Amino acid sequence: DTDRALVLLEEYCKKLRKPEEQQLKKAIRKVMGIFKSSLFQALLGSFTKKATRHGTISHPSLPAAVACDVLGCPKD
C-alpha cells in the first residue's frame with residue numbers, strides 16, 4: 001500500500017528538524033515523489049501481479065513494507 005508508505009515517510013520527515021538531517025529529509029521527499037509517480041504505480045502494479053502469480057510475495061503492501069524495514073516500524 002503506497003499510501004501507507006507515504007504516510008510513514010511523511011511522519012518520519014516531520015521529525016527531521018536538525019540542520020544535519022535536511023539532506024536526509026530531501027532524499028526522503030524525493031522517494032515520496034517517486035512513490036506518487038504514475039510510472040512507479042504502473043511498475044509496482046506489474047511487479048505485484050507477477051510476483052503474486054509466481055508466489056514470490058504474499059504481501060500486497062510492498063512500499064509500506066519497504067518503508068517499515070527502512071524506518072524500523074513495528075509490524076502490524
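The protein chain has an accessible surface of about 5600 Å², 60% of which belongs to carbon and sulfur atoms, with areas from the Shrake-Rupley method and a 1.4 Å probe, where for residues only the protein chains shown count as cover. This is a predicted model, in which local features need pLDDT of at least 70 and side-chain atom pairs count only at pLDDT 80 or more, while totals for chains, interfaces and linings use all residues. Residues are numbered from 1 along each chain as its sequence is written, and side-chain values use heavy atoms, leaving out hydrogens and water.

Trainee: Which side chains meet in a salt bridge?

Mentor: A salt bridge is a side-chain nitrogen of Lys or Arg within 4 Å of a carboxyl oxygen of Asp or Glu, and the structure holds 1. At 3.2 Å, N to O, the partners are Glu10 and Arg29.

Trainee: Is Arg29 buried, partly exposed or exposed?

Mentor: Buried means under 20% relative accessible area, exposed over 50%, and partly exposed in between (1.4 Å probe, protein chains only). Because its relative accessibility is 38%, Arg29 counts as partly exposed.
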